[in-house]
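Please keep the structure open while reading.

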Amino acid sequence: MAHIIVVGNEKGGSGKSTTSMHVATALARMGHRVGALDLDLRQRSFGRYLENRVHFAQREGLDLPTPILGHLAPEPEADSDPLSQAVAALEAECDFILLDCPGSHTRLSQMAHTLADTLITPMNDSFVDFDLLARLSPEGRILGPSIYAEMVWSARQLRGEAGAGPIDWLVLRNRLGTQAMHNKRKVGGALATLSKRIGFRVAPGFSERVIFRELFPRGLTLLDLKDIGTEQLNMSNIAARQELRDLIGELSLPGVSVSF
């Protein structure tokens, strides 16, 4: 069976689509067969990112390793299960299937979390995003899990009852500041404490960089720059590639060793 990677939280603007695209494309570049599903049926940022990639490669005559984009029916009826059907259609030809969830609670997103072997939750490095995981007192004391953490806990219970194995949950700190600011230390400390209570791992993600906004229209990632004639990477691009390399290593996916 394919290994299912779910990228999700219930807040927009945390870098889910950028994370999804770079993880899926990195795996494809390393020779793995990768499927992809965009569960945000309205916005479709991840799906359009992949479609931009296909169109750009065709227009430029390039052979860019690209995940297979699966398709879901429009918003399903209450008793239907289009997600399992879409995953099954990809599973026959994929080693990994990445599901990109919308920045809100939907039935499809809830179903996706019960399928996750690996769950990646990108968050901006702030207590606004932290509130999605846990409620804090004004003094900074953790009062209890919040809505998203409770949903993951429910998904874990369902997987346990079905004998599907545990979810390896990685919380990704995106847009980390370059300086050791007071807020950065406080968020890091709170995440370290919470990770022991509700069972996730913490890893640094992607810093805020202009390059990510420039890549989307052409469907490119950091690993494609040399393919389009960029021989000399600037320091920011080199640092971003290292962030991606560290993330792929941190995921500890089965049969994956970082080779870029």
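This is a predicted model, in which local features need pLDDT of at least 70 and side-chain atom pairs count only at pLDDT 80 or more, while totals for chains, interfaces and linings use all residues. Residues are numbered from 1 along each chain as its sequence is written, and side-chain values use heavy atoms, with hydrogens and water left out. Cys94 counts as buried, at 3% relative accessibility; buried means under 20% relative accessible area, exposed over 50%, and partly exposed in between (1.4 Å probe, protein chains only). Helices (H or I, at least four residues) and strands (E, at least two) are DSSP runs, numbered from the N terminus.

**Cysteines**

- How many disulfides are there? A disulfide is a pair of cysteine sulfur atoms within 2.5 Å, and by this rule the count is zero.
- Cys101 is buried, with a relative accessible area of 3%.

**Nonpolar cores**

- A nonpolar core is a set of buried Ala, Val, Leu, Ile, Met, Phe, Trp, Tyr and Cys residues joined through side-chain atoms within 4.5 Å.
- In soluble globular proteins, nonpolar side chains tend to be buried together.
- The largest nonpolar core has 40 residues, and the members that touch the most others are Val23, Leu27, Ile248 and Leu251.
- Elements that each supply at least two residues of this core include β1 (3–7), α1 (16–29), β2 (34–38), α2 (45–60), β4 (96–100) and α9 (235–251).
- Helix α1 gives the largest share of this core, six residues.
- A second, separate core has 39 residues, among them Leu72, Val152, Ile167 and Phe200.
- Contact means heavy atoms within 4.5 Å. Apart from neighbours within four places in sequence, Leu251 is in contact with Val23, Thr118, Ile120, Asp168, Leu170 and Arg201.

**Helix packing**

- Two packed helices are described by the angle between their axes and the distance between the axes.
- Axes are lines fitted to C-alpha atoms, for helices over the stretch in contact, and angles run from 0 to 180 degrees between N-to-C directions.
- Helices α1 and α9 pack at an angle of about 75°, with axes 11 Å apart.
- These two helices, α1 and α9, are therefore roughly perpendicular; angles under 35 degrees count as roughly parallel, over 145 as roughly antiparallel, 65 to 115 as roughly perpendicular and the rest as oblique.
- Thr19, His22, Val23 and Ala26 of α1 meet Leu244, Leu247, Ile248 and Leu251 of α9.
- Helix α4 (residues 107–115) packs against helix α6 (residues 147–162) at about 50°, with their axes 8 Å apart, so the pair is oblique.
- The crossing of α4 and α6 is right-handed; a crossing is left-handed if the near helix is turned anticlockwise from the far one by less than a right angle, and right-handed if clockwise.
- Where α4 meets α6, the residues of α4 include Ser109, Gln110 and His113, and those of α6 include Tyr148, Met151 and Val152.
- The axes of α3 and α4 come within 10 Å and cross at roughly 50°, which makes α3 oblique to α4.
- Pro82, Leu83 and Val87 of α3 make this contact with Leu108, Met111, Ala112 and Leu115 of α4.
- The crossing of α3 and α4 is right-handed.
- Which residues of α4 are buried? They are Leu108, Ser109, Met111, Ala112 and His113, and their cover includes β1, α3 (82–91), β4, β5 and α6.

**Asp117**

- Asp117 sits in the loop between α4 and β5 (118–124).
- Apart from neighbours within four places in sequence, Asp117 is in contact with Ala2, His3, Ile4, Arg159, Pro166, Ile167 and Asp168.
- From Asp117 to Gln242 there are 125 residues in sequence and 25 Å in space, C-alpha to C-alpha.

**Backbone angles**

- Most residues other than glycine have a negative phi.
- Arg44 is not a glycine, yet has a positive phi of about 55°.
- Arg44 lies in the loop between β2 and α2 and is partly exposed, with a relative accessible area of 26%.
- Ser252 also is not a glycine and has a positive phi of about 55°.
- Ser252 is in the segment after α9. Is Ser252 buried or exposed? Ser252 is exposed, with a relative accessible area of 56%.
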